[in-house]
Amino acid sequence: MKKIGFIVEMKDCPDSASLRSWAELARQQGIDGLELLFNTKVGVRFDAALIREALAGTGVEVCACGLWWLNTIDPDPAVRAKNRETMHAFLDMAHEIGCKIAFFNCGEYRPGDTDENIRQLRGELQHYKEYAGAYGITIANYLGHGGNFINSRDILRRALEEIPELNLKLDPVGIIRNMKDDPIEIIKLFGNRLVHFHVKDILRYGSDGFEIEPAVGMGDLRWNAIFALLYHHGYEGYVVIEPHGPLFSVPENRWKHIMLSKRHIEQFMLR
């Protein structure tokens, strides 16, 4: 593992100047790439020209693009067709900006019906694998958030066994929160299907429900063990910093989380 990136929320970048400020931070700090995250709940704008303009001359690449809150296996045929249009536009943009990793949620066809959810996802992923593959883009899915049927270890195991096209985007805190599982165990078992990885941390203390999301290395997670498993599985992708929580997710504080987290994770990387 050699390359570090961080997430940029595209809802906070209405123009090329705002996106360029993040690219300049990456360049100044020796960070290789930006992950561009699009949130369908607030509307999406896939503007490849804006992105190319913002990154021109910085030497920073787009390491991944993520599409949040899109149910690609919606049971309504009209909604699913509309979502395919959105996905195609998303993948077209990724191709135009030279991005080679695109991820989105697994969605949910029928709550609680694992068999049918897997069947529906298998069909849709085959379509998107072919569409993205024509561009040389690898697709991946994230797990467990609302509207996402893969929310337990057993369902994840079944989905990976039955869907050869299913690649994973993981973050340890997401595994803790959304799958109620041990991220080290999940990475140990399924890290061979990992193609994109986020780093964020969590600190829980006491019996009163206290919880914060500090910079990586300041929380409860065992990053030495996590990186050991990434090496064990031969992971060679980006390690992407994800500022999160009420303190560090606001634009004016994100840079602090990025710089502090970078210092910690570099000890485990060959750069």
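Trainee: Which element gives the largest share of the lining of the largest cavity?

Mentor: Start with the general idea: rolling a probe the size of a water molecule over the atoms shows where empty space is left. In this predicted model, α6 supplies the largest share of that lining, with three residues. The elements giving two or more residues to the lining are β6 (168-170) and α6 (172-178).

Trainee: How many cavities of 30 Å³ or more are there?

Mentor: The count comes to one, and the largest cavity has a volume of about 70 Å³.

Trainee: Which residues line the largest cavity?

Mentor: Look for Y142, L143, H145, K169, L170, D171, G174, I175, N178 and M179. Sorted by class, the lining has five nonpolar, three polar and two charged residues.

Trainee: Okay, now a single residue. Is N117 buried or exposed?

Mentor: Here you compare relative accessibility with a cut-off: buried means under 20%. N117 has 2% relative accessibility, so N117 counts as buried. You'll find N117 in helix α4, which covers residues 114-133.

Trainee: What does the side chain of N117 reach?

Mentor: Follow that side chain to the backbone nitrogen of Y109, at 2.9 Å.

Trainee: And which residues is N117 in contact with, leaving aside neighbours within four places in sequence?

Mentor: Y109 turns up again here, along with I73, E108, R110, G112 and F149. So to read a buried residue like N117, check its helix, α4, then its contacts, F149 and I73 among them.

Terms used: Residues numbered from 1 in each chain as written. Predicted model: local features only at pLDDT ≥ 70, side-chain atom pairs only at ≥ 80, totals over all residues. Heavy atoms only, no water. Helix = DSSP H or I, 4+ residues; strand = E, 2+ residues; numbered from the N terminus. Buried < 20%, exposed > 50% of the residue type's maximum accessible area, 1.4 Å probe, protein only. Polar contact = N/O pair within 3.5 Å; in protein donor to acceptor, adjacent residues only side chain to side chain. Contact = heavy atoms within 4.5 Å. 1 Å grid on protein atoms, 1.4 Å probe; cavity = no way out; pocket = protein on both sides within 12 Å on 5 of 7 lines; lining within 4 Å. Points joined across faces, edges and corners; volume = space filled by probe spheres on them. Nonpolar A, V, L, I, M, F, W, Y, C, P; charged D, E, K, R; others polar.
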